[in-house]
Amino acid sequence: MAEHYDVIIIGTGAGGGTLAHALAGSGKRILLLERGDFLPRETQNWDPRPVFVDGRYISKDTWFGGDGKPFQPQVHYFVGGATKLYGAALYRLRPGDFGELRHVDGVSPAWPLSYDDFEPWYSKAEQMYQVHGNDGEDPTEGHRSQPYPWPAVSHEPRIAEISAGLEKGGYRPFHAPCGILLDEANRPASTCIRCTWCDGYPCLVHAKSDAEVIAVRPVLSQPNVTLLTGAEVTKLETDAGGRTVTGVVVYRDGDRAVYTGDIVAVCAGAANSAKLLLNSASDAHPHGLANGSDQVGRNYMFHNCKAVVALSKEKNDTVFQKTLGINDFYFATDDYEYPAGNIQMIGKSNAEAMRGEKPKLTKLSPEWTLSDVAGHAVDFWLTTEDLPRPENRVTTDADGSVHLAYKSTNDAEADRLYEELKKILNHTGMAEHHVLGKNFYMDMSIPVAGCAHQAGTCRFGTDPATSVLDVNCKANEVDNLYVVDTSFFPSIGAVNPALTAIANALRVGEIIQQRIAP
Ligand SMILES: Cc1cc2nc3c(=O)[nH]c(=O)nc-3n(C[C@H](O)[C@H](O)[C@H](O)COP(=O)(O)OP(=O)(O)OC[C@H]3O[C@@H](n4cnc5c(N)ncnc54)[C@H](O)[C@@H]3O)c2cc1C
Ligand code: SF4
């Protein structure tokens, strides 16, 4: 039996890394168990071929779809989790997302807490992750108790032109909130060099506000914090009554060890957290740990997304493109009764990453080479909310492997958003017939594989019959078990999820801190 800790945190991503940071100052003994290693700093970090074509930083896991077909999921096992590769678009959910929202395919349920409950934690999260943004530009944003800690990342000329064109057309574009360590007022001293390799790439110079850089590294020198990498947790054991986790089973370099902690926080990401609970079934929890409600693994969401490339006659020399957002269609509008979602920019196309799409892309402009196409491309990311359907779920098989059954919802809303994008492009010098789905950004040909925004497998709530966690994110059926990653989302909204996972980790961190205080 290995050592005993006050708190054991499983996973070091947006949820687990932030939770560790929140608890480190308590002086309590904290063990971080991370199945991955530190992401290597190497030239490949900023090279589209290894990153996008070869999938260098994607796990070698095999998961299975609802039809039983194997696929390689887009998950990232490193210190910092998925945030090592994320685009650092750090949005708050809108106040309306916390209430019930009527969608074309059903109702997005209300959260047990309101935007006002989360607001102070969003502010703390933005301070911690150094979010850049401009208050008051986004028409759907809720009130804030503190301004953004950094001014918005400025638009480069082509994006400024597009923004001006949209404003002229009556739309309300805004500077997208973004977590990069960029000091535009003092570029020579800025950690971020404002490069083009941000969205979907690791940051070679550690200038992205990811969970490793912002949350984990800063606490590693503290004597009460221990990080074990290459440490995969495979099972949680409980006492006979099933009310207390008594052992955290870890495999490290093929060796098995069992750690004990007064509190155990599962932060392995929505699919893997569900996997761990389901694989921890016992006599006391025959259907999986904390799964008396049969909700563990269910209600999996990951957004109904589309990456789009639009071509314009003007060259697009933008380096850092993720500076613009459009929420005019986020909620119902006068001429459409449902929410359609969020439009934002993604990383700039380059010829290398476009190689797989060559025939389609060069067909749009036959006289152009792939480099010409990339040079004129403007890249958008459309996000529509998907609904928490009980049938969209993670289960595990006899080997403990993940099976992920998922059918998209709100396709009509996603189509509507695409149509709106095509319309607004007419205000920006990009004709709508020059728009194309951009499949290479994520592998859209196997929709479930692109599970970057996964959430919702252990939702929190006030009724133990329909939830896994209580409002403090403690498991209803286990006294010392918390789940602190995107699993707790009862609905996902249509903005990127990481800031909400971070804010919640700070919130739950305070709850745990009060509980373990002497
Ligand atoms: C390419 C890409 C772009 C994205 N862009 C954005 C964006 O711009 N904005 C945004 O808000 N979100 C973005 N996201 C999503 C965002 O990164 C996630 O929502 C967020 O990281 C989820 O946090 P988490 O704590 O739930 O999981 P993760 O951050 O994935 O952390 C889970 C951790 O648990 C570890 N782990 C898993 N299983 C085990 C186990 N059994 N034992 C031990 N450790 C384990 C993993 O290795 C990982 O470190 C993006 C994601 C990707 C992949
Ligand atoms: S833009 Fe900044 S944060 Fe992003 S990869 Fe480049 S240097 Fe890193």
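This is a predicted model: local features need pLDDT of at least 70, side-chain atom pairs count only at pLDDT 80 or more; totals for chains, interfaces and linings use all residues.
A backbone N or O atom of F78 sits 3.0 Å from an oxygen atom of ligand 1.

A polar backbone atom of A14 lies 3.3 Å from an oxygen atom of ligand 1. At G87, a polar backbone atom is 2.9 Å from a nitrogen atom of the ligand. How much of ligand 1 does the protein cover? On its own, ligand 1 has 1000 Å² of accessible area, and the protein covers 95% of it.

Now look at the surroundings. There are 34 residues around ligand 1. Those that come nearest are G15, E34, A89, V233 and A498. What kinds of residue make up this shell? Seventeen are nonpolar, 13 are polar and four are charged.

Two elements deserve a look. Helix α1 covers residues 14–24, and strand β9 covers 231–238. Each of them gives the shell around ligand 1 at least two residues. Strand β9 supplies the largest share, with three residues.

Next, move to ligand 2. Its shell holds 13 residues. The closest are C192, C195, W197, C198 and C203. Sort the shell by class, and eleven residues are nonpolar and two are charged.

In what order do its four strands run? The order is β4-β3-β17-β16, and the sheet is open. Its pairing is mixed. Strands β4 (70–71) and β16 (393–396) form the edges, and each pairs on one side only.

Follow one pair in detail. Strand β3 spans residues 63–65. It pairs with β4 in the antiparallel sense, over two bridges. Within this pair, F64 stands opposite P70 of β4.

A helix joins the picture here.

Notes:
Residues are numbered from 1 along each chain as its sequence is written. Chains are lettered from A and ligands numbered from 1 in the order in which they are written. Side-chain values use heavy atoms; hydrogens and water are left out. A residue is near a molecule or strand if one of its heavy atoms lies within 4 Å of it. A polar contact is a pair of N or O atoms within 3.5 Å; within protein, one must be able to donate a hydrogen and the other to accept it, and residues adjacent in sequence count only if both atoms are side-chain atoms. Accessible areas come from the Shrake-Rupley method with a 1.4 Å probe; for residues, only the protein chains shown count as cover. Ala, Val, Leu, Ile, Met, Phe, Trp, Tyr, Cys and Pro count as nonpolar, Asp, Glu, Lys and Arg as charged, and the others, Gly among them, as polar. Two strands pair if DSSP finds at least two bridges between them.
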